[in-house]
Amino acid sequence: MSIKRKTKTVKLILSEFNKTQEAITIGELLKKFDKVMDKTTVYRIIDRLENSNLIHSFNDYDGTKRFAKGKKNIFSNKKNNNHPHFQCEDCGISSCIPIKISIPEVPNYLIKSAEHIFTGQCADCRNES
């Protein structure tokens, strides 16, 4: 299912992704839009946005699913050109890292996707140290 028309609720969620370069959890979206839309609507819109390649998802180092704007394969339409993500160990922010990661071919395995998460300190947390 794709986004054929951008309803008020779709525009509200898209605006959250346009406000930041950081990845957003479903919990953060549910909290933000608690008074505007129900949980089912948020989940349905997120699914539609991801299926339309307007956002993509990844799991951070503690297993939380996060969503970021743009399609997963930002460098090519080939499945093996993924990009990594970064998560700050201090403040917890996550973001896409705009570098290309090529998945190698491994004998006897058909690798369809991979997730790469780098952890450390973001610039803000490094400056506070």
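Start by selecting Glu 16: at 14% relative accessibility it counts as buried. Keep in mind that this is a predicted model. Glu 16 sits in helix α1 (residues 8-18) and Lys 32 in helix α2 (residues 26-32), so this pair ties together parts that are 16 residues apart in sequence. The link is a salt bridge, with the closest N and O atoms of Glu 16 and Lys 32 3.6 Å apart. Lys 32 is partly exposed, at 47% relative accessible area.

Lys 19 itself is exposed, with a relative accessible area of 59%. Show the three together: salt bridges with shared partners join Glu 16, Lys 19 and Lys 32 into one network.

Next, hop to Asp 34 and Lys 35, whose side chains meet in a salt bridge (3.7 Å, N to O). Lys 35 counts as exposed, at 78% relative accessibility. The structure holds 4 salt bridges.

Time for the sheet. Colour β6, β5 and β8: they make an open sheet of 3 strands in the order β6-β5-β8, with mixed pairing. β6 (94-96) and β8 (117-120) are at the edges with a single partner strand each, so one side of each has no neighbour in the sheet. From one strand to the next, the twist averages 25°. Zoom in on β5 (residues 85-88), which runs parallel to β8 and is joined to it by 4 bridges. Cys 88 stands opposite Gly 120 in β8.

Last stop: Ser 95, in strand β6. Ser 95 counts as buried at 18% relative accessibility. Leaving aside residues up to four places away in sequence, Ser 95 touches Gln 21, Glu 22, Ala 23, His 85 and Phe 86.

Terms used. Residues numbered from 1 in each chain as written. Predicted model: local features only at pLDDT ≥ 70, side-chain atom pairs only at ≥ 80, totals over all residues. Heavy atoms only, no water. Pairing = 2+ DSSP bridges. Helix = DSSP H or I, 4+ residues; strand = E, 2+ residues; numbered from the N terminus. Axes fitted to C-alpha atoms, helices over the stretch in contact; angles between N-to-C directions. Buried < 20%, exposed > 50% of the residue type's maximum accessible area, 1.4 Å probe, protein only. Contact = heavy atoms within 4.5 Å.
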